[in-house]
4 protein chains.
Amino acid sequence: MSKLPDHVHYHHEFSLRVYYEDTDAGGVVYNANYLKFAERARTEMLRAAGLNQHDIRRAHDIVFVVSKANIIYKGPAYLDDMLTVKTSLLEHTRTRMTLAQNVYRNGRLITEMTIEIACVEIQDDGITLKAHTTPQIILDALAGHGMTATN
Amino acid sequence: MSKLPDHVHYHHEFSLRVYYEDTDAGGVVYNANYLKFAERARTEMLRAAGLNQHDIRRAHDIVFVVSKANIIYKGPAYLDDMLTVKTSLLEHTRTRMTLAQNVYRNGRLITEMTIEIACVEIQDDGITLKAHTTPQIILDALAGHGMTATN
Amino acid sequence: MSKLPDHVHYHHEFSLRVYYEDTDAGGVVYNANYLKFAERARTEMLRAAGLNQHDIRRAHDIVFVVSKANIIYKGPAYLDDMLTVKTSLLEHTRTRMTLAQNVYRNGRLITEMTIEIACVEIQDDGITLKAHTTPQIILDALAGHGMTATN
Amino acid sequence: MSKLPDHVHYHHEFSLRVYYEDTDAGGVVYNANYLKFAERARTEMLRAAGLNQHDIRRAHDIVFVVSKANIIYKGPAYLDDMLTVKTSLLEHTRTRMTLAQNVYRNGRLITEMTIEIACVEIQDDGITLKAHTTPQIILDALAGHGMTATN
């Protein structure tokens, strides 16, 4: 599931700079931070389609939570690097979406992530775990409709 | 204000281990993380007095926010270090408390912080900036009443 | 691989408190932070066997890096929670170890992680990707030899 | 010292988006993260002058460390906000620079920081605390020479 078939185009690209805050005493980007990079990319992907998480929450009383993450670390990244996160919607069910989110450094794949996102209902001030149908507008945004496909 | 007079005893001590997540590519603890350490110490200081932030919020519709922070970095800390945060209430007004929170490594002062905490009212789902009288029970806890004084 | 068979005992337990720094605006522990919790637990597991990462690096010119992470998020954790990370060595090759690292809240499994750690050589000031045989002393420590098994 | 006189122009502006990773369970940007934002801004300010921290370290065997930070929190920031960090060099000695780094949200000042940076020598793999003369090229970059002044 984490393998993006060769013929599939990425639906979105997001670039970011590596700062001191992202690194650790090993001299490289700390392993947990790739999940932060993936979320920044998803947020900007939605924004590119005119959506933001706050409005979605207000309009639908739903939030998106990461339900599964599979990460393969293939190579390190360093301070001052410019990294690119490339994202594609791989598949979806009524309430869950699976995205490939791969991180590139100087054109070379260094981190391969498969992220499953669940759409859940908001209840009170906490987050329930009750699944909710993903609005079509979100699926369209994450499938890259209306965006320029890249590869 | 950031100088703790020699005759003042610390009201609370909190120890923590430095992990990879706390360090940066310079090989030392990242500068912003000392504010995290200070907050862990304040939280445990309240807990030692039988208080937790969630209950305080529920009971009084108030939260505590950092309104000022003054930090003097005197020396580095490294991976695997055990650090100690020593805290004292320096002074307070009706709605604000000023704490000395100093970090020690092997008995040597490495970071000196003066943290001002404001008590503010909760409104809707955001945080208002409307000042609120600090409950006496909080002042007592942060003044170390009922705790063993250390120095 | 992420399923820990029922008859396997955990080799190590590590408890931690959830502070504000660990949470996000959704009101729950931020998804990336579970990887931090897992690393704290591995570090303390090595320490319980008398090993620390700095000494290992000095003695063997090797470091351990996360090469794969598989995370299943089953339920949220909140501010002030006490969480327990339970760790077991599932299997190993000459240069890689696979650990189950499961997070419990009030006795209930909320996050299931399978973490693969690679032993790599240090070269210059960076980290090479050249695999290196894992010292037996590390394997023994992570297999819980000399520790009290828990379940 | 934290007050930027009205007639002083900012030397550099840096904008950033607030993501989930930046927020806490209070629903606002976590207090420690403003120090991260300040460092991103300083890094980009140097980069705008053609300098990066890695090259400076290689060329001069020096690094810059935060030696003092004074922060006044005036108002909150929220998920999805676009914030702007405005930076000016206030004053400097032979080995230390003092910067005003103020954060704006929708044109309103929400966080006022005075950051003192020390230039120190690198020794072995750690960071010594031995002060070192700041290269003129760095002073010029942080004084905004060759940049478009903003206010």
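Which residue of chain C comes closest to the rotation axis? C:N70 does, with its C-alpha at 2.2 Å. That axis belongs to a rotation of 180° with 0.0 Å of shift, which superposes chain C on chain A at an RMSD of 0.0 Å. Copies here are superposed by least squares on the C-alpha atoms of residues with pLDDT of at least 70 in both.

Bear in mind that this is a predicted model, where local features need pLDDT of at least 70 and side-chain atom pairs count only at pLDDT 80 or more, while totals for chains, interfaces and linings use all residues. Residues are numbered from 1 along each chain as its sequence is written, and chains are lettered from A and ligands numbered from 1 in the order in which they are written.

**Chain A at a glance**

- Chain A has 3 helices and 6 strands, where helices (H or I, at least four residues) and strands (E, at least two) are DSSP runs numbered from the N terminus.
- Reading from the N terminus, the order of elements in chain A is β-α-α-β-β-β-β-β-α.
- Chain A has 151 residues, and 43% of them count as buried; buried means 20 or more other C-beta atoms within 10 Å of the residue's own, exposed means 12 or fewer, and partly exposed is in between, with C-beta atoms placed from the backbone.
- Take the contacts in chain A between residues at least 6 apart in sequence: 68% of them join residues at least 24 apart. Contact means that the C-beta atoms, placed from the backbone, lie within 7 Å.

**How the copies meet**

- Chain B goes onto chain D with a turn of 180° and a shift of 0.0 Å along the axis, at an RMSD of 0.0 Å. That is the relation of a two-fold axis.
- In chain B, the C-alpha nearest that axis is the one of B:N70, 2.2 Å away.
- As for the surface used, 100% of the contact residues of chain B recur in chain D.

**The B–D contact**

- Chain B puts in 23 residues and chain D puts in 23 residues.
- On the chain B side, the elements giving two or more residues are α1 (33-48), β2 (62-73) and β6 (126-131).
- β2(B) gives the largest share of that side, 9 residues.
- Sorted by class, the chain B side has 12 nonpolar, 8 polar and 3 charged residues. Nonpolar covers Ala, Val, Leu, Ile, Met, Phe, Trp, Tyr, Cys and Pro; charged covers Asp, Glu, Lys and Arg; the others, Gly among them, are polar.
- β2(B) and β2 (residues 62-73) of chain D run antiparallel, joined by 5 bridges; strands pair if DSSP finds at least two bridges between them.
- Within β2(D), D:A69 is the residue opposite B:I71.

**Helix α1 of chain B**

- α1(B) is largely enclosed by the rest of the structure, because 12 of its 16 residues are buried. Among them are B:Y34, B:F37 and B:M45.
- From first C-alpha to last, α1(B) reaches 23 Å, close to the expected 22 Å (1.5 Å times one less than the number of residues).

- Most residues other than glycine have a negative phi.
- A:N106 has a positive phi near 50°; A:N106 sits in the loop between β4 (96-105) and β5 (108-123) of chain A. A:N106 is exposed, with 10 other C-beta atoms within 10 Å.
- D:D80, not a glycine either, has a positive phi of about 80°. D:D80 lies in the loop between β2 and β3 (82-92) of chain D, and counts as partly exposed with 17 C-beta neighbours inside 10 Å.

Technical notes:
Two residues are in contact if their C-beta atoms, placed from the backbone, lie within 7 Å.
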